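Welcome, and thanks for taking a look at this one with us. Below is a short briefing to read alongside the sequence and the structure.

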Amino acid sequence: MTAIESKPDTTTERLPWHLRDNRAPVFDEVTLTDLEVKGSIPPELQGRYVRNGANPQTGHSDHWFVGDGMIHGIEIGEGGANWYKNRYVRTPCYANPGVERMDMYLNTETLKFDYSVGVANTHVIGHGGQILALEEGSFPYVLTNDLDTVGPNDYGGKLATAMTAHPKICPDTGDLLFFGYSSLPPYLVYHRVNAAGELVQSEEISVTGPTMMHDFVVSRNHTVFMDLPAIFDMELAMQGGMPIRWSDDYPARFGVMPRKGTDADVQWFDVDPCYVFHTLNAYDDGDEVVVHGCRLQEIWRASSDIGDPDVAAPEEQLPHMWEWRFNRATGNYTERQLDDRSSEFPRVADSVVGQQNRYGYTMSTSFINGTIGEIFKYDMANGGARTSHVFEKGQVPGEPVFVPAEGATNEDDGYLMTYVHDETTDTSHLTILDASNMAADAVAEIHLPRRIPTGFHGSWIAD
Ligand SMILES: [Fe+2]
């Protein structure tokens, strides 16, 4: 991971895909009020939409996934937009631009990592009254409601691994369920934090080797790990850049474990080789645990490039909504593709995490194949039937975050929020869609006089 002090000259250098166009970082932190609102913001929405993303402060990063974390938030209340703020997460990497992360991260004598060193760039969630900025190589970073950094959270010294950027919050118990993975043993450790914010279980889980585990999934009674053939490669690590490569020799497995279980309780299922960055959800159905997620046939065989809209990727190389059913009684499993259109960044309503969800939401892959931007809605009660909200040409949406309506009676009574970049004006807005009527115009749009770079994951943090 080599950082370059100066910003690249965009007039003479063909920038890598992840630093071009709206993936280029912004360099100032601003607070904007008096935001232009089109439509009507539902007055029941009281809180803030926050979204994380990689925004390398030097202007350079070796990979889309490794730039400094920047949070973009809009606070909403009483039918209006109070402010937009963008703030870097104050990590040791942010405080030491130009210093290689690994030099601060790994103690070469003890071969121990310092998990307070990270970039906190991938996701931002609320749990236990805290806002947490997450990146899978380090501890979560606590933020204030105003997006200022408090510092890393190691749960009173109990957390001895990194935290995935995709923990799950059980809507029944309030537990925060997560794991940490590492390139050095132990490769995988599972953790449970209770609703009060206490770390109550840490459990080493045996996997084949140093797999890159970006996400996992939980049902009401089970935790499911994905031990897949994207593995850490020391040679690549020595060269700098993303040290992960595809392996044809590494078995692809899903492991199903009771949520309070141990390593000995994990039931492993060999599956067709694949990679899954993001799961949609899981639920228990009799003896079966049903998992939905966005499946790729493989990743990073030749390089870890993500994509380039100038070079259309074949559809079969893109992620598709998929279903796996793992039968704990028989040890058998089935899998099937649910959609022939590719999409990513899957989300369900927070209230159905681990429960049988009827609906799921994703964004189309316009960000890697240059097609028209769409937000997809899947109806799992009808075989995964897809409807969508189609944006105008040049309007590029991100991950759809579901926000329930007040007094909701149906699972899709609520809104979908995401930042949309307008390529014509090079500005962004927050769109608020009616999740129960995908074809309808946006309920409201909150417009900014500047752009928000393409990013990763976000949340609605209600007051
Ligand atoms: Fe992610």
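Let's start with a pair of strands: S25 and strand S26, the latter covering residues 359-364, pair in the antiparallel sense over 3 bridges. Please keep in mind that this is a predicted model. The chain as a whole has 4 helices and 34 strands. Its radius of gyration is 21 Å, close to the 23 Å that the globule rule gives for 463 residues, so the chain is as compact as a globular protein of that length.

**The open sheet S8 to S11**

- An open sheet is formed by 4 strands in the order S8-S9-S10-S11, with antiparallel pairing.
- Its edge strands are S8 (123-127) and S11 (149-152), each of which pairs on one side only.
- From one strand to the next, the twist averages 30°.
- Strand S10 (residues 141-143) runs antiparallel to S11, and 3 bridges join the two.
- Tyr-141 has Pro-152 in S11 as its bridge partner.
- As background, strands of a sheet pair through backbone hydrogen bonds, either parallel or antiparallel.

**The nonpolar core**

- The largest nonpolar core has 115 residues, and those with the most contacts inside it are Ala-133, Val-224 and Leu-416.
- Strand S22 (residues 275-285) gives the most to this core, contributing 6 residues.
- Which residues does Leu-416 touch, not counting residues up to four places away in sequence? They are Tyr-361, Ile-375, Pro-400, Val-401, Phe-402, Leu-433 and Ala-435.
- In soluble globular proteins, nonpolar side chains tend to be buried together.

**The chain overall**

- Along its principal axes, the C-alpha trace spans about 55 × 50 × 45 Å.
- Of the 463 residues in the chain, 45% count as buried.
- Among contacts between residues at least 6 apart in sequence, 56% join residues at least 24 apart.

Methods. Residues are numbered from 1 along each chain as its sequence is written. This is a predicted model: local features need pLDDT of at least 70, side-chain atom pairs count only at pLDDT 80 or more; totals for chains, interfaces and linings use all residues. The radius of gyration is taken over C-alpha atoms; the globule rule is 2.2 Å times the number of residues to the power 0.38. A residue is buried if 20 or more other C-beta atoms lie within 10 Å of its own, exposed if 12 or fewer, and partly exposed in between; C-beta atoms are placed from the backbone. Two residues are in contact if their C-beta atoms, placed from the backbone, lie within 7 Å. A nonpolar core is a set of buried Ala, Val, Leu, Ile, Met, Phe, Trp, Tyr and Cys residues joined through C-beta atoms within 7 Å. Two strands pair if DSSP finds at least two bridges between them. Axes are lines fitted to C-alpha atoms, for helices over the stretch in contact, and angles run from 0 to 180 degrees between N-to-C directions.
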